[in-house]
Amino acid sequence: MSSHRFAAPPLHRLAAGLSLGAAALVLAGCASQGPAHTPLTTLAPDALGLQARSAADATTEAALPAAQWWGALGDAQLNQLVALALQDNPSLSASQTRLDKALALATATSSATDVRGSFTTDATRQHYSANGMIPAPIAGHTYNSGNVQLGLGWNPDFFGKHRAELDAALGQARAAQADRAAAATQLAGQVARSYVGLARLLAQRDVAQRTLVQRQALLDLSQQRTRAGLDSQVELTQAQAGLPDARTQVEMLDEQITLARRTIAVLCGQAPDAQQALAPQLAALLLQAVPTVLGADLLGRRPDVVAARWRVEAATRGIDSAKAEFYPDVNLTAFVGLSAVGLDQVFQGSSRQLGVTPALRLPIFDGKRLRAQLRGKQADLDSAIAQYNGVVLDAVKGAGDAVASMQSLERQQQLQAESLAKAERAYDFAVQRYQAGLTGQVVVLNTENQVIAQRRLAVDLRARELDTRIALMQALGGGWQDDTARVQQSQK
């Protein structure tokens, strides 16, 4: 690298400097940027099995999540919890700080081609050496001197380097904006799924409590039969053994309920014990509509996919900026001011000074470093594309898995409801026959176990259905609308 500066006040010297600069542009333009680079290919929607959604598909459009999709569950307490989490959660605060930093960097980059101004003034009292470079009559005496100067600087963007740097910074800021939206969607989903999980545990506790009552009734019946000489101590002991097991199940569920409440409180930015009275009802939560088609617009609805796409764009513009480094960099500066030895003469017309200084940086012997820097930017682009493809695959898989699970869960619930009805009927028959002395207690216990298992399964399937619908709403972007364009507007 070499640097040439030309004093500019004489017009013929300035013209000579500009002529030399033009010749240097031609020389630098011939510098080799190395072999051409072919970036990785981004995945296309049709290659992922995504369909172009018809505008007439009103059913599918209506099934897409709204901005506050959790409200479709019909639980006012859940709405309050999500609002609290989105307001005070530390993870969102961290996302906001990253966005603020990216916006600040974009603002700083946008000023690269602005005209810069400076104003300086100083006063100095100095004793000048009698044997120095300053001649008489100043030499050997002490004088006051002053300077008042206004300077201007401009770095014109002839080859688009600063424009590319700004676009890259804006891309990163847009990605940070989408990242914050993704974090909010993820947090709302965590609160909603934890809420459903707590409702499931409470419903399972109801099943366990019902089982405890049922086994107490069986024990009472067995005691009556034993006193009547119809049962032996074996049947009585079997009936007694069922009570501690049922109480253990209740206690285990109480522990899990406590931990689930603490988890929800922390997600909402509260003290762990702030939600100890929280008691959602699984049966009261409403089911949301499910899209029948995964459209290509899925990739524009998910903030994490949009963030990855903006990082690809930022990396692409980073390559453009690195290529512009192979060309000359021109800086123009000018100054005007007053300077005098003796403060009483500073503001005299004869104390004025002015100048223009064009400066040219030529990367003549810097090709190796610049090519290495360009290869690094090309690698950044390939990395961004690979990450984008990975996010897209995860998005499509997550949404597709949720749709497939929803369809399967509907069939499972139909079959399970039939099994539960038959198990309860069989249990009723077994109890009646046992009371009449027509069958043994083992039959009652076996049918009871089947009923308990089916009741637990019914709760689990209902909870899974709600949880899967929430997961699908997240996979579809949580009702997010791409608002990253406001980052561009903020830099205008």
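How many salt bridges does the count come to? The answer is 19. Keep in mind as you click around that this is a predicted model.

**Stop one: a buried pair.** Select Glu325 and Lys161. Their side chains form a salt bridge, with N and O 3.0 Å apart. Both Glu325 and Lys161 are buried. Glu325 sits in the loop between α8 and β4 (329–341) while Lys161 belongs to helix α5, so this pair links parts 164 residues apart in sequence.

**Stop two: α5 to α10.** Now pick Arg200 and Asp460, whose closest N and O atoms are 2.8 Å apart in another salt bridge. Since Arg200 is in helix α5 and Asp460 in helix α10, the pair ties together parts that are 260 residues apart in sequence. Color by accessibility and you'll find Arg200 partly exposed, at 28% relative accessible area, and Asp460 also partly exposed, at 25%.

**Stop three: Arg369 and Asp366.** Here the closest N and O atoms of the salt bridge are 2.6 Å apart. Arg369 is partly exposed, with a relative accessible area of 41%, whereas Asp366 is buried at 11%.

**Stop four: the nonpolar core.** Which residues have the most contacts inside the largest nonpolar core? Select Val191 and Leu282; the core around them has 66 residues. Elements giving two or more residues to this core include α3 (76–88), α6 (233–267) and α10 (441–475), but α5 gives the most, with 15. Zoom in on Leu282 and, skipping neighbours within four places in sequence, show its contacts: Val196, Ala199, Arg200, Ala203, Val459, Arg462, Ala463 and Leu466. Arg200, from the salt bridge with Asp460, turns up in that list. Apart from this core lies another, of nine residues, with Tyr427, Val431, Tyr434 and Val451 among them.

**Last stop: the largest pocket.** Its volume is about 300 Å³. To find the spot, select Ala168, Gln172, Ala314, Gly318 and Lys377, which lie nearest the pocket's centre among its 18 lining residues. Two or more lining residues come from each of α5 (161–227), α8 (303–324) and α9 (367–435). Which element gives the most to this lining? That's α8, with seven residues. Color the lining by class and you get eight nonpolar, four polar and six charged residues.

Key. Residues numbered from 1 in each chain as written. Predicted model: local features only at pLDDT ≥ 70, side-chain atom pairs only at ≥ 80, totals over all residues. Heavy atoms only, no water. 1 Å grid on protein atoms, 1.4 Å probe; cavity = no way out; pocket = protein on both sides within 12 Å on 5 of 7 lines; lining within 4 Å. Points joined across faces, edges and corners; volume = space filled by probe spheres on them. Helix = DSSP H or I, 4+ residues; strand = E, 2+ residues; numbered from the N terminus. Nonpolar A, V, L, I, M, F, W, Y, C, P; charged D, E, K, R; others polar. Core = buried A, V, L, I, M, F, W, Y, C linked by side-chain atoms within 4.5 Å. Buried < 20%, exposed > 50% of the residue type's maximum accessible area, 1.4 Å probe, protein only. Contact = heavy atoms within 4.5 Å. Salt bridge = Lys/Arg side-chain N within 4 Å of Asp/Glu carboxyl O.
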